[in-house]
Amino acid sequence: MSLHSTNLDSILPLVNRGKVRDIYEVNASTLLFVATDRISAYDVIMENGIPNKGKILTKLSEFWFSFLYNYAHNHLLLEPHCDEDEIFKHLPAELSEHKYKQQLVGRSLLVKKMKLIPLEVIVRGYVTGSAWKEYKKSKTIHGIRIAEDLQESQELSTPLFTPSTKAEQGEHDENITPEQAQKLIGKELCDKVAKIAIDLYTKAKEYAKGKGIIIADTKFEFGLDENDNVVLVDEVLTPDSSRFWNASKYEVGKSQESYDKQFLRDWLTSNNLNGKEGVSMDKDIAEKTKEKYVEAYEALTGNTWKD
């Protein structure tokens, strides 16, 4: 069984139901993030979910928040990997009842409220996906002129900050140039966010390579704390927000075998379902997609996944 949406019976007010996360307000300064098993592709949420996907995402995000803490502070209220019962000490007592606890255990994070920076902060280390399509047409990536001749899936000489707009649910993210991002949030903040994002990506990419995984690209989100410090928020370096490739099978000049939801995207495309609403995955597609998430989790953390 998968958890497609939570229901806390208004014990906490629901702030937002996103593509994956249900977000509740705990108090004036704290939010509860619950990662469901929903999965989206081409900006459309599938009708069925991936069993325990939300738990995998949560544990992998906790791993990366801890790994990257010396390079960027994050929005977690509690230490990563803290005892599950610690979370419930900060929640209304009613949520300790079984019917609520089974929705929350293993997939919840208590986070500090931040002022969100309205950008999808994408860093690309390899040319693939929409970047490859644009490059083939114009020798640019997000409007950035690329001097070198590239093949599909080739590593870029330096990682690129390639932002997009942060779309509301049901709408589509839009690739924009760094200059457009500067106009949106201001040049000083944009330059700061770009530098932090590239640094984080570089640290993670180097680590992952040692574990047999290439992080081709990833999406970060950032917020500002009460002192206007840039803080890493949302999820980080998961199969939902990144392209993970098997390093042992990597070959320049073609698309790569992925650990992420590219498997689902390929299935949708081959069945002419990409971008269509009301789609349910076949059971075997859901199972195989979960296997990819588990493989990535185990390779990156060194831990064995147990449902």
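The lining of the largest cavity has 7 nonpolar, 1 polar and 2 charged residues (Ala, Val, Leu, Ile, Met, Phe, Trp, Tyr, Cys and Pro count as nonpolar, Asp, Glu, Lys and Arg as charged, and the others, Gly among them, as polar). Those residues are E62, L76, L78, E79, P80, C82, I87, S108, L109 and L110. A cavity here is a set of points on a 1 Å grid over the protein atoms alone where a 1.4 Å probe fits but cannot get out, and a lining residue has an atom within 4 Å of a point. The model is predicted, so to speak of local features takes a pLDDT of at least 70 and side-chain atom pairs count only at 80 or more, while totals for chains, interfaces and linings use all residues. Residues are numbered from 1 along each chain as its sequence is written, and side-chain values use heavy atoms, with hydrogens and water left out.

About 60 Å³ of space lies in this largest cavity, a volume being the space filled by probe spheres set on grid points joined across faces, edges and corners. Strand β6, residues 108-112, gives the most to its lining, with 3 residues. Counting cavities of 30 Å³ or more, the total comes to 2.

The second largest cavity holds about 50 Å³. Around it sit R21, F33, V34, A35, T58, S61, R107, L109, D234 and E235. Two elements, β3 (30-35) and α1 (53-67), each give two or more residues to this lining, and β3 has the largest share, with 3 residues. By class, the lining splits into 4 nonpolar, 2 polar and 4 charged residues.

Next comes a pocket (an open set with protein on both sides within 12 Å along at least five of seven lines). The second largest pocket has a volume of about 310 Å³. Its lining counts 19 residues, and Y69, H73, N74, L76 and K112 lie nearest the centre. Both α1 and β14 (230-233) supply at least two residues of that lining, which divides into 9 nonpolar, 5 polar and 5 charged residues.

As for the chain as a whole, there are 8 helices and 15 strands (DSSP runs numbered from the N terminus: H or I, at least four residues, for helices, and E, at least two, for strands). The C-alpha atoms fill a box of roughly 60 × 50 × 35 Å, taken along the principal axes. Buried residues (under 20% relative accessible area, 1.4 Å probe, protein chains only) make up 51% of the 307 in the chain.

Conventions:
Buried < 20%, exposed > 50% of the residue type's maximum accessible area, 1.4 Å probe, protein only.
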